[in-house]
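Colleague: Please take a close look at one part of this model and describe what you find.

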Amino acid sequence: MTQKKRIVSGMRPTGALHLGNLHGALSNWINMQDDYDCFFFIADWHALTSDYEDPGNIAAYSHNMMVDWLAAGLDPDKSTLFVQSSVPAHAELFLLLSMITPVPWLERNPTYKEQVDALKNKDLSTFGFLGYPVLQAADIIIYRATGVPVGIDQAPHIEITREIARRFNYLYGKVFPEPETILTKMSKILGLDRRKMSKSYNNAIFLSDTPDEIRKKTAQMITDPQRIKKTDPGNPDICNVFTFHQNYSPPETVAEINTSCRNATIGCVACKKKMAENLIRFLAPIREKIEHFRQNSDIVREVIERGNQKAGAEAEATMKHVREALKI
Ligand code: TRP
Ligand code: SF4
């Protein structure tokens, strides 16, 4: 039997997971569980780099994120699921990597500049925020991963990870593989207002939303903007509600909407209602599991504890090689 390749990826605990997260990163991770040796973690220290003034929610968000992960189908018997701050070796490696990482690599990181501009309400001129990719590099190479499944927005960080790994190997001898980016396809599902689905845009449908919340939210969805009156023919190809149908409705319904939208025999209100019921049906089993894990938080804590132990042992094994290489 050939050994499975190891992959590592993480998510910052910024709140409840939504459909964009599910159809982006999460379903991709779930599908990789059988083919890879997977390490998935909650990046609570990374959340701190931008939310250091108000860290009060991070621990609760981390727990809830594990609830959402388990409910959606991440399986602790297949994957190592853990919390970054529970494996302090990440911080030790981060410190060592910071010694060899040239500051200009970090200053020219495109996501750094974007974020500092985008989050003007926060003071991000900190050492920790500049060093975000160094911590991310430590997260990855401490497991000697060979691949990192991420969205395109994270690609520059994986590039920096490779550069740091290469520099370490060059200076001290080969300890780390250079991990490949395994690009996650972007979710076609947009937010209620047709922008990217995001908690901060207030346009998200969460995995944990109740049927009534889903009905209310879907009623607000922006459809084909050219279609003003019910008698105007619509264009499903540019309508986000239709994209939802394609994800959650049976093929007969999709075909029927496709025709009746174009010849204006269905109105958007009815179309959304139909979609909402199918989305509710799709989310029902996930919501049920979320409920189960909310009522049995011991199970969730045990999963996290088991993952922390496993990750900790792997990280420690790598750190032995690292300390030997550095003779320190
Ligand atoms: N920076 C990633 C994000 O915002 C989260 C993350 C932290 C990560 N460490 C990682 C992703 C290591 C992949 C591997 O989405
Ligand atoms: Fe979109 Fe449906 Fe309205 Fe057509 S009928 S524009 S698919 S919401």
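Which residues surround ligand 2?

Modeller: The model is predicted, so local features need pLDDT of at least 70, side-chain atom pairs count only at pLDDT 80 or more, and totals for chains, interfaces and linings use all residues. Residues are numbered from 1 along each chain as its sequence is written, chains are lettered from A and ligands numbered from 1 in the order in which they are written, and side-chain values use heavy atoms, with hydrogens and water left out.

Around ligand 2 are Thr223, Asp224, Arg227, Cys239, Val241, Phe242, Cys261, Cys268 and Cys271, where near means that a heavy atom of the residue lies within 4 Å. By class, this shell holds six nonpolar residues, one polar and two charged; Ala, Val, Leu, Ile, Met, Phe, Trp, Tyr, Cys and Pro count as nonpolar, Asp, Glu, Lys and Arg as charged, and the others, Gly among them, as polar. At least two shell residues come from each of helix 11 (240–248) and helix 13 (268–295). Helices (H or I, at least four residues) and strands (E, at least two) are DSSP runs, numbered from the N terminus.

The protein chain as a whole has 14 helices and five strands. Of its 328 residues, 47% are buried, meaning under 20% relative accessible area with a 1.4 Å probe and protein chains only, against over 50% for exposed and in between for partly exposed. Along the principal axes, its C-alpha trace spans about 75 × 45 × 40 Å.
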